[in-house]
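Reader: Hi! I'm new to this one, could you walk me through it?
Author: Happy to. Have a look at it here and ask away.

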Amino acid sequence: MFFFFHTGCNGYAMNIAASSGTFTSPNYPSNYGNHENCLWRITVPAGFAVSLTFNDFELENSSNCRYDYVKVEESGSGSLIGSFCGTRTQFAVTSSGRSLYVRFRSDNNVRRRGFNASFIAVNRPPPGKIFVAFLRWMI
């Protein structure tokens, strides 16, 4: 079963507990607004990890992603898996545990399309093997 979840933004966290689903930045595919502050906690069944794929990704670009960004963190330890901004081809991250946090923030200036992300429960990677995969579409 596949679920679509609306955004958890502006002070409200969206807790998503499912084996798979998809979520987007506010207003996607239209531009997100200024001062967005969104947080999703994704939890899959016990014994699995979260494979999170950003299918479409367009945020304001900046060095060190200091303006508009998406940060992905392990929910138990708070360890940063990655911080992302700019325009990117499809890419994926995998947690080491059964849940992770996805935070999206925008500043007060440039607005872009945002992102469309999907997740699925997968077998856990071996300890210490958190990875980020960059995928290319074959045309």
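Reader: Which way is the link of Cys65 and Cys85 handed?
Author: The link of Cys65 and Cys85 is left-handed, with -80° about the S-S bond. Cys65 lies in the loop between strand S5 (48-58) and strand S6 (69-74), and Cys85 in the loop between strand S7 (80-84) and strand S8 (87-88), so the pair ties together parts that are 20 residues apart in sequence.

Reader: And how far apart are their sulfur atoms?
Author: The sulfur atoms of Cys65 and Cys85 are 2.3 Å apart. A disulfide here is a pair of cysteine sulfur atoms within 2.5 Å, and by this rule the count comes to one disulfide.

Reader: Before I go on, what kind of model is this?
Author: This is a predicted model, where local features need pLDDT of at least 70, side-chain atom pairs count only at pLDDT 80 or more, and totals for chains, interfaces and linings use all residues. Residues are numbered from 1 along each chain as its sequence is written, and side-chain values use heavy atoms, with hydrogens and water left out.

Reader: Thanks! Back to Cys65: buried or exposed?
Author: Cys65 counts as buried, at 12% relative accessibility. Cys85 counts as buried too, at 7%. Buried means under 20% relative accessible area, exposed over 50%, and partly exposed in between (1.4 Å probe, protein chains only).

Reader: What share of the protein's residues count as buried?
Author: Of its 139 residues, 46% count as buried.

Reader: New topic: how many helices and strands does the protein have?
Author: Zero helices and 12 strands. Both are DSSP runs numbered from the N terminus: helices are H or I with at least four residues, strands E with at least two.

Reader: What's the strand order in the open sheet of five strands?
Author: The order is S2-S4-S10-S6-S7, with mixed pairing. Two strands pair if DSSP finds at least two bridges between them. Strand S2 (13-17) and S7 stand at the edges, each with a single partner strand, so one side of each is left without a neighbour in the sheet.

Reader: How many bridges join S2 to strand S4?
Author: Five, and S2 and S4 (residues 37-43) run parallel. For instance, Asn15 has Arg41 in S4 as its bridge partner.

Reader: Last one: what part of the protein's contacts with a separation of 6 or more comes from residues 24 or more positions apart?
Author: Such residues account for 77% of those contacts, where contact means heavy atoms within 4.5 Å.
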